[in-house]
Amino acid sequence: MKNKQPMSGRGVQTLAIHAGESPDPATGASAPNLVMSTTFVVGADTGFSVEGMNETDPFVYTRWGNPTIRQLEEKLAALEGAESAVAFASGMAAATALLLHTLKAGDHAVVSDVAYAAVSEATNELFPGLGIEITKTDTSDLDALGEALRPNTRLVYIETPCNPLLRLTDIPAAAKIAHNARAALAVDSTFATPIATKPLSLGADFVIHSLTKYLGGHGDALGGVVLGRAADLAPLRKKTAIRLGGAISPFNAWLILRGLATLPLRMKAHEENALRAAAFLENHPLVKKVIYPGLPSHPQHALARRQMRNFSGIITFQTANGRETAARLAERLRIIHYAVSLGHHRSLLFYLHGEDLLKTSFKLAAPKQRESWEQFAGEGIFRFSVGLEDAADIIADLEQALGQ
Ligand SMILES: *Cc1c(COP(=O)(O)O)cnc(C)c1O
């Protein structure tokens with residue numbers, strides 16, 4: 001009982017609860033220890049540089065590795081079906097570490113033209129400033145993706161479903177296009193979670209998640225992770241993660257470990273509530289359009305059915321006068337929090353104004369990119385992260401706040 005139990009062949013709920021964990025050999029504690037120590041007592045043969053570090057070496061310093069963080073990484077790898085995982089202080093720390101690890105001056109990357117706002121903004125400014133060329137493309141348009149690749153393209157970076165549009169990219173097709181050009185494919189799978197989609201099994205080379213969202217699930221800890229092959233992640237940990245220093249706090253790792261135990265159950269409930277809320281919104285007279293991968297009206301519903309085993313809990317919708325409706329909802333909502341972020345047990349809703357986002361975050365050069373944006377976003381969208389409250393209460397709150 002004291003040693004880790006073999007996890008291969010176990011079901012997803014068993015993995016979510018037990019993978020990466022084992023009773024503490026010193027005390028028999030059943031729940032994982034929270035090890036806050038930043039340093040570890042070592043032997044005189046321990047080196048002071050990470051250069052000679054091996055993954056199996058004893059713990060030295062928490063930025064290099066920590067028992068609680070390792071448990072989190074092992075659980076995440078088991079859930080994603082990945083050989084290896086490196087955890088970070090936030091989703092953005094994971095994304096920027098991956099970009100800096102795979103790209104150097106003179107390289108080119110293709111990045112989804114609509115991605116998490118901070119990823120979009122960093123790839124608009126920070127990375128070109130380092131001599132890394134970036135092309136922003138609608139990666140849901142496979143012809144456009146193919147045309148964006150160049151001889152020096154090293155990375156294709158997609159998000160599916162993408163934040164905030166809920167537009168999907170076909171992962172196996174994108175992997176084929178990237179690999180034909182000898183580029184790696186990275187997928188930000190934050191909206192899907194490993195319960196819906198396992199991008200590595202569909203041909204991706206790297207997966208990233210913001211752990212702050214569904215994986216932590218409770219809105220109380222920032223975190224991020226990069227997952228992939230051990231041969232890729234060992235140098236990423238050594239050369240990028242440790243030296244850039246975006247290490248996750250063991251306390252956050254511990255909170256996220258605890259959140260992960262219920263991920264499969266939570267995702268089922270998020271999907272169930274989101275389907276009910278989406279059906280309510282589709283029938284509401286003030287609502288012009290609802291986008292949810294689980295609705296037959298989603299423009300890529302067939303792809304969603306192919307690629308997602310769970311439609312997750314995020315809905316977008318549009319109303320006739322978005323800013324006015326936003327002011328009313330922020331004022332009147334009682335259960336749903338008018339707030340950014342997503343994937344928490346609490347329902348969260350926030351209005352994203354189209355023209356504002358196009359100024360600050362998304363540079364859509366081609367007319368076709370604008371068309372796709374307008375198809376999904378209209379003049380602006382409410383991003384609604386449907387929580388785990390009773391569906392009837394969520395719907396009643398929306399109904400009273402929307403009014404007529
Ligand atoms: C939130 C989010 C991120 C960034 O994660 P943080 O933990 O906030 O740094 C990246 N990608 C997606 C899709 C997100 O929703």
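This is a predicted model: local features need pLDDT of at least 70, side-chain atom pairs count only at pLDDT 80 or more; totals for chains, interfaces and linings use all residues.
Residues are numbered from 1 along each chain as its sequence is written, and side-chain values use heavy atoms, with hydrogens and water left out.

**Ligand site**

The ligand is surrounded by 13 residues, of which G91, D188, S210, T212 and K213 are the closest; a residue counts as near if one of its heavy atoms lies within 4 Å of the molecule. This shell comprises three nonpolar, seven polar and three charged residues. In that division, Ala, Val, Leu, Ile, Met, Phe, Trp, Tyr, Cys and Pro count as nonpolar, Asp, Glu, Lys and Arg as charged, and the others, Gly among them, as polar. The table lists pairs of atoms between protein and ligand.

| Residue | Protein atom | Ligand atom | Distance |
|---|---|---|---|
| G91 | backbone N or O | oxygen | 2.8 Å |
| D188 | polar side-chain atom | nitrogen | 2.6 Å |
| T212 | side-chain N or O | oxygen | 2.6 Å |

The ligand taken alone exposes 380 Å², and the protein buries 94% of that area (Shrake-Rupley method, 1.4 Å probe).

**Nonpolar core**

The largest nonpolar core has 46 residues, and L72, L76, L165, L227, L260 and W373 touch the most other members. Such a core is a set of buried Ala, Val, Leu, Ile, Met, Phe, Trp, Tyr and Cys residues joined through side-chain atoms within 4.5 Å. Among the elements that give two or more residues to this core are helix 2 (67-80), strand 7 (224-228), helix 11 (263-282) and helix 15 (367-377). Because domain 1 (12-260) and domain 2 (264-402) both give residues to this core, the core lies between them; the domain bounds come from an automatic or database domain assignment.

**Two buried residues**

D205 is located in the loop between helix 8 (193-196) and strand 6 (206-210). With 8% relative accessibility, D205 is classed as buried (under 20% relative accessible area; exposed is over 50%, partly exposed in between; 1.4 Å probe, protein chains only). The D205 side chain reaches the backbone nitrogen of L185 at 2.8 Å and makes a polar contact with the side chain of R229, also at 2.8 Å. Within protein, a polar contact is a pair of N or O atoms within 3.5 Å, one able to donate a hydrogen and the other to accept it, and residues adjacent in sequence count only if both atoms are side-chain atoms.

G380 belongs to strand 12 (residues 380-385) and is buried, its relative accessible area being 3%.

Conventions
Helices (H or I, at least four residues) and strands (E, at least two) are DSSP runs, numbered from the N terminus.
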